[in-house]
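The following exercises concern a single protein chain.

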Amino acid sequence: MKRIFDLVLAVLVGTALLVPALLVAVLVRLTSKGPVLYWSARVGRDNVIFQMPKFRSMQTGTPALATHLLSDPLSYLTPIGSFLRQSSLDELPQLWSIIKGDMSFVGPRPALFNQHDLIELRTQQGVHKLLPGLTGWAQINGRDELPIPQKVALDVVYLRQQSFWLDLKIIGLTVWKVLKSDNVTH
């Protein structure tokens, strides 16, 4: 049922946001050199690497690190990068990953391929068996501000309590937090 829900919602949201997505693509292209999309190597279900698209909010050549690990993250942003991140519009292309089956709407956020500490802890706790999500329990409870052990603890809570109703709650809270630009630092 979750897969059907993901497909239907991805098609509906993708259709509704097609014009804004095209506008964002044009703005990315006009304001910085490089491709419109950034394809990031991410860790999926069972620790299988997949390529996750995002609208490019960072300059080309930015190191493939979690943003909070960059020495000066703001210096890497494109002219509209901060806006894309605060509005979460950079995440729109991930609808493709949901349609493709690499991601779900709700699950633990996919780790970067080189976040070994996060990957190892999730594997120890069984979280790696979940399909990663566009949003998740940890996302609405602190996002990147959380230390890795706390993030994984929240992922474990989701693993044990996952249900259709919890997914709906997480999606609703995500929309609310995106509208408030809550817990966005870059």
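## Exercise 1: A serine in a loop

Ser-88 is buried, with a relative accessible area of 14%. The model is a predicted one.

**Task.** Determine where Ser-88 is placed, which residues Ser-88 is in contact with beyond its neighbours within four places in sequence, and what its phi is.

**Solution.** 

Step 1. Ser-88 lies in the loop that runs between helix H3 (81-87) and helix H4 (94-100).

Step 2. The relative accessible area of Ser-88 is 14%, and the cut-off for a buried residue is under 20%, so Ser-88 counts as buried.

Step 3. When neighbours within four places in sequence are set aside, Ser-88 is in contact with Arg-143 and Val-178.

Step 4. Most residues other than glycine have a negative phi. Ser-88 is not a glycine, yet it has a positive phi of about 65°.

## Exercise 2: A hairpin of two strands

**Task.** State in which sense strand E1 (residues 37-43) and strand E2 pair, and over how many bridges. Then describe the residues Asp-46 and Asn-47.

**Solution.** 

Step 1. E1 and E2 pair in the antiparallel sense, over seven bridges.

Step 2. Two bridge partners may be named as examples. Leu-37 has Phe-55 of E2 as its bridge partner, and Tyr-38 has Lys-54 of E2.

Step 3. Five residues stand between E1 and E2 in this hairpin, and Asp-46 in the turn has a positive phi of about 60°.

Step 4. Asn-47 is also found in the loop between E1 and E2. Although Asn-47 is not a glycine, its phi is positive, at about 65°. With a relative accessible area of 31%, Asn-47 is partly exposed.

## Exercise 3: A lysine in strand E2

**Task.** Decide whether Lys-54 is buried or exposed, and list the residues that Lys-54 touches, not counting residues up to four places away in sequence.

**Solution.** 

Step 1. Lys-54 is found in strand E2. Five of the seven residues of E2 (residues 49-55) are buried, so this strand is largely enclosed by the rest of the structure.

Step 2. The relative accessible area of Lys-54 is 12%, and Lys-54 is therefore buried, the cut-off being under 20%.

Step 3. Not counting residues up to four places away in sequence, Lys-54 touches Val-36, Leu-37, Tyr-38, Arg-42, Asp-90, Glu-91, Pro-93 and Gln-94.

Step 4. One of these contacts, Tyr-38, is 16 residues apart from Lys-54 in sequence, while the two are 5.3 Å apart in space, C-alpha to C-alpha.

## Exercise 4: Two pairs of helices

**Task.** Describe how helix H1 (residues 2-16) packs with helix H8 (residues 164-180), and how helix H5 (residues 116-125) crosses helix H7 (residues 148-161).

**Solution.** 

Step 1. H1 and H8 pack at an angle of about 30°, and their axes are 11 Å apart. Angles under 35 degrees count as roughly parallel, so H1 and H8 are roughly parallel to each other. Their crossing is right-handed.

Step 2. H1 contributes Lys-2, Phe-5 and Leu-9 to this contact, and H8 contributes Phe-164, Asp-167, Leu-168 and Ile-171. By class, the contact of H1 with H8 has five nonpolar, no polar and two charged residues.

Step 3. The axes of H5 and H7 come within 10 Å and cross at roughly 35°. The crossing of H5 and H7 is right-handed.

Step 4. On the H5 side, Asp-117, Leu-118, Leu-121, Arg-122 and Gln-125 take part; they meet Ile-148, Pro-149, Lys-151, Val-152, Asp-155, Val-156 and Leu-159 in H7. The classes in the contact of H5 with H7 are seven nonpolar, one polar and four charged residues.

Methods:
Residues are numbered from 1 along each chain as its sequence is written. This is a predicted model: local features need pLDDT of at least 70, side-chain atom pairs count only at pLDDT 80 or more; totals for chains, interfaces and linings use all residues. Side-chain values use heavy atoms; hydrogens and water are left out. Axes are lines fitted to C-alpha atoms, for helices over the stretch in contact, and angles run from 0 to 180 degrees between N-to-C directions. Angles under 35 degrees count as roughly parallel, over 145 as roughly antiparallel, 65 to 115 as roughly perpendicular and the rest as oblique. A crossing is left-handed if the near helix is turned anticlockwise from the far one by less than a right angle, and right-handed if clockwise. Contact means heavy atoms within 4.5 Å. Ala, Val, Leu, Ile, Met, Phe, Trp, Tyr, Cys and Pro count as nonpolar, Asp, Glu, Lys and Arg as charged, and the others, Gly among them, as polar. Buried means under 20% relative accessible area, exposed over 50%, partly exposed in between (1.4 Å probe, protein chains only). Two strands pair if DSSP finds at least two bridges between them.
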